[in-house]
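Student: I am new to this structure. Please take me through its salt bridges and the helix that one of them involves, step by step.

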Amino acid sequence: MRTGIIGTGRIGSTLARILVAAGHQVVLANARGPQTLGPLVAELGRAASAAHPAEAADRAELLVLMVPFERVRGLLPPYAVQDKVLVDATNAFGGTGTPADLGGRGSSDLVAEWYPDAQIVKSLNTMHFETLAVAGTAPGERLAHFTAGDDVKAKEIVAGIITDLGFAPVDTGPLHSGGILQQPGGPLFNRPLTEAQALAWISH
């Protein structure tokens with residue numbers, strides 16, 4: 001599967017590296033343009049390419065948003081993600097670095113409003129980039145990555161990628177309630193859990 005990664009900071013670049021290592025193809029995009037991604041594409045080799053965000057959406061089968069949350073609205077033309085799985089891996093913070101006040105709504109609820117024809121899955125946002133880089137190939141019990149969404153098939157697709165990366169997919173439920181568990185201020189944010197620990201927490 002060709003995955004588009006929109007946002008190539010530390011977390012987006014890390015995801016690109018481990019996806020390529022797991023045998024996936026990636027299309028990278030950022031706000032500064034594909035010409036700025038030459039070194040990363042060269043590092044990743046033939047499995048990677050660079051594009052503008054809308055072009056990455058067109059070329060990829062699945063998209064991962066890894067930009068600051070405040071840049072999500074209007075980032076892509078809605079038609080570019082029609083009927084595609086769109087992983088919301090963003091985190092909504094306020095100006096002081098604390099969780100943003102969204103009036104009780106989940107950040108992914110807003111992403112779903114902005115891109116109503118995409119299949120939104122909240123995932124890949126809770127783990128620090130340094131952990132993400134190495135934990136999938138480390139010995140011992142797998143760490144969990146969470147999925148939340150209203151489309152069962154979309155969650156299954158994302159769960160398959162999580163498994164390919166060496167992590168354990170754990171479903172936190174629908175997009176609203178499950179997404180709130182994962183976002184900043186939620187009980188699963190920045191909390192590395194093994195598969196067993198995560199399943200125990202979900203079932204408690």
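Tutor: Start with a term: helices (H or I, at least four residues) and strands (E, at least two) are DSSP runs, numbered from the N terminus. The model is predicted, so local features need pLDDT of at least 70, side-chain atom pairs count only at pLDDT 80 or more, and totals for chains, interfaces and linings use all residues. Residues are numbered from 1 along each chain as its sequence is written, and side-chain values use heavy atoms, with hydrogens and water left out.

Take helix α8. It covers residues 195–203, and W201 lies in it. Contact means heavy atoms within 4.5 Å. Setting aside residues up to four places away in sequence, W201 touches L181, P187, L188 and R191.

Side chains of opposite charge can pair when their charged atoms come close. A salt bridge is a side-chain nitrogen of Lys or Arg within 4 Å of a carboxyl oxygen of Asp or Glu. E195 pairs with R142 in this way, at 3.1 Å from N to O.

E195 has 24% relative accessibility, so it counts as partly exposed. R142 is partly exposed too, with a relative accessible area of 32%.

Now look beyond the helix. A search of the whole structure finds five salt bridges. One of them joins K122 and D88, whose closest N and O atoms are 3.2 Å apart. K122 is in strand β6 (residues 119–123) and D88 in strand β5 (residues 85–88); the pair links distant parts of the chain, 34 residues apart. K122 is buried, at a relative accessible area of 0%. D88 is buried as well, with a relative accessible area of 0%.

Another salt bridge is formed by D171 and K155, with 3.0 Å between the closest N and O atoms. D171 lies in strand β8 (residues 168–173) and K155 in helix α6 (residues 152–164), so the pair ties together parts 16 residues apart in sequence. D171 counts as partly exposed, at 41% relative accessibility. K155, at 11%, counts as buried.

Methods. Buried means under 20% relative accessible area, exposed over 50%, partly exposed in between (1.4 Å probe, protein chains only).
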